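The following note sets out some points for a reader who is new to structures of this kind. Please keep the sequence and the model in view while reading.

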Amino acid sequence: MKQYMNFIGGEFVATGKTFENRAPVDNRVLGQVHEAGAEEVDAAVRSARAALGGEWGRMTVTRRVELLHAVADEINRRFDEFLAAEMADTGKPHALASHVDIPRGAANFKVFADIVKNVPSESFEMATPDGGQALNYAVRSPLGVIGVVCPWNLPLLLMTWKVGPALACGNTVVVKPSEETPATATLLGEVMNAVGIPPGVYNVVHGFGPGSAGEFLTRHPGVDGITFTGETRTGEAIMAAAAKGVRPVSFELGGKNAGIVFADADFEKAVAGITRSAFENCGQVCLGTERVYVERSIFDRFVAALKAKAEALKPGPSEETGVGIGPLISQEHRQKVLSYYERAVRDGATVVTGGGVPAMKGALAEGHWVQPTIWTGLPESAAVIREEIFGPCCHIAPFDTEEEAIALANATDYGLATTVWTQNLGRAHRVAKQVQVGICWINSWFLRDLRTAFGGAKASGIGREGGVHSLEFYTELRNVCIKL
Ligand code: NAD
Ligand code: 6OD
């Protein structure tokens, strides 16, 4: 039976308390996860602190960049192991994990290493009151020990999206992966040792949130900053923990994202784009589209076309050829998603397609499958239009004017992403300027350039990461003023 251990000070650490890690495709037990208690979390934070004062803290940026490139190369060398681990933990299709999750895991180290190496610093000359001169210039210091708390939907991608820049800036990290997906964070410990990242720079503690490793880590006074991706409600709890000691936080939280399709859009591309944004990763993408607004003149045609696409998504295990959709992460999450499916019907929705569980054969019948689901006909006050479901489902409603579409998109407490489909550049720009979100895609979705700002407005997050914006969070900017 596989053992997923904590990684502390460069060593794999077992604990007396374990919990099962299960495969979403058939609910089989994949292995035992060693839950970190307060003692192990404390050891991890201490080892991260010690590493700051050691070789890592004294290392030149050039050498750090070389090492982080080596981490990326080693992930690529062990690509198949990372791929197998991620597919087993999440059940996501091979095409998705091999084209998105694992390559991004490597890229997150390379790109941020290069950004840190190349980003300039500001400097100002000034006249002083005594007629002399002074020179101001800024230097960046690492923030210190960073607590990294991660979700389960894109485990390696989202974890390294924070660990990459944190290490590139010279920090050390203690990562708390999701209890649902412990594998790739653990495997990364082997990579760190193999390429010579000093012990204590990268640490992993396994466990849950409240009363477990997540809470112990975020409350630990030795943690200098916390970066978190997950639910908005969890963000509130972590923010309260971070208040003690006034520690900075960077939050990427939930979403209830709108897709807007204008009648002048390239129809086929819009249908394909919304198919991805609504159903990719079984709808478990924070940037996903659960509310679709379509201009009335193409509404019926669009609904029929999206229905056909949803029904063509073949459910199945990651490795099977032609699989278009995997399972949800857990039985508990499936119950939540199915409760929204029932709620939509109770609230009077027209179920265009789906609404239940697909018939799966043999062992797969034990997996956490749900059908891709499309609703129409609900008022905007309905729960499935207001609340984040995080499943493969969307409600489609018609609109008549550009202003109406923008107002509908903005009528939510969240503000993460919007995807807009139109061939009118002027309109695209007008809409992009008015939607209250951190990222607005035009004629695309989840198209990522890691140099750009990423984050959420309103209840979808605090701060921006990506490119130089990551440096804002992971470093302290110090002005040096020299009287010449
Ligand atoms: P979650 O908030 O339940 O858990 C995320 C992590 O926080 C897990 O590691 C969990 O153990 C830990 N945690 C839970 N309670 C905690 C506490 N009180 N203190 C410390 N740690 C705690 O989220 P999830 O279910 O794993 O992920 C799905 C959610 O994440 C969705 O809401 C989704 O929108 C969001 N998400 C957002 C982004 C983004 O970029 N904005 C990206 C991915 C996922
Ligand atoms: O691409 C990224 O950097 C990122 N943070 C994606 C988030 C996806 C949410 O599920």
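1. A polar contact is a pair of N or O atoms within 3.5 Å. With this cut-off in mind, consider Leu253: one of its polar backbone atoms is 2.6 Å from a nitrogen atom of ligand 1, so the pair counts as a polar contact. The model discussed here is predicted.

2. Which other residues belong to the surroundings of ligand 1? The ligand is surrounded by 31 residues, and the closest are Cys150, Glu179, Thr234, Leu253 and Glu388. Cys150 places a backbone N or O atom 2.7 Å from an oxygen atom of ligand 1. Thr234 has a polar side-chain atom that lies 2.7 Å from an oxygen atom of ligand 1.

3. The residues around ligand 2 include Arg104, Asn153, Trp161, Glu252, Cys286 and Arg448. Arg104 has a polar side-chain atom 2.8 Å from an oxygen atom of ligand 2. For Asn153, a polar side-chain atom likewise lies 2.8 Å from an oxygen atom of this ligand. With Cys286 the backbone is involved: one of its polar backbone atoms is 2.9 Å from an oxygen atom of ligand 2.

4. The overall division of the protein should be noted next. The domain assignment gives domain 1, made up of 2-253 + 460-483, and domain 2, which covers 257-449. The C-alpha centres of the two domains are 31 Å apart.

5. How much area is buried between domain 1 and domain 2? The value is about 2200 Å², and carbon and sulfur atoms give 59% of it. On the side of domain 1, Val25, Trp152 and Ser460 lose the most area to domain 2; together they account for 25% of what that side buries. In terms of contacts, 24 residues of domain 1 meet 30 residues of domain 2.

6. Between domain 1 and domain 2, the rule finds 0 salt bridges, whereas 11 residue pairs are in polar contact across the interface. Helix H4 (79-90) and helix H5 (94-118) each contribute at least two residues to the side of domain 1 that touches domain 2.

Definitions and conventions:
Residues are numbered from 1 along each chain as its sequence is written. Chains are lettered from A and ligands numbered from 1 in the order in which they are written. This is a predicted model: local features need pLDDT of at least 70, side-chain atom pairs count only at pLDDT 80 or more; totals for chains, interfaces and linings use all residues. Side-chain values use heavy atoms; hydrogens and water are left out. Domain bounds come from an automatic or database domain assignment. Contact means heavy atoms within 4.5 Å. Buried area is the accessible area (1.4 Å probe) that two parts lose on being put together, summed over both. A salt bridge is a side-chain nitrogen of Lys or Arg within 4 Å of a carboxyl oxygen of Asp or Glu. A polar contact is a pair of N or O atoms within 3.5 Å; within protein, one must be able to donate a hydrogen and the other to accept it, and residues adjacent in sequence count only if both atoms are side-chain atoms. Helices (H or I, at least four residues) and strands (E, at least two) are DSSP runs, numbered from the N terminus. A residue is near a molecule or strand if one of its heavy atoms lies within 4 Å of it.
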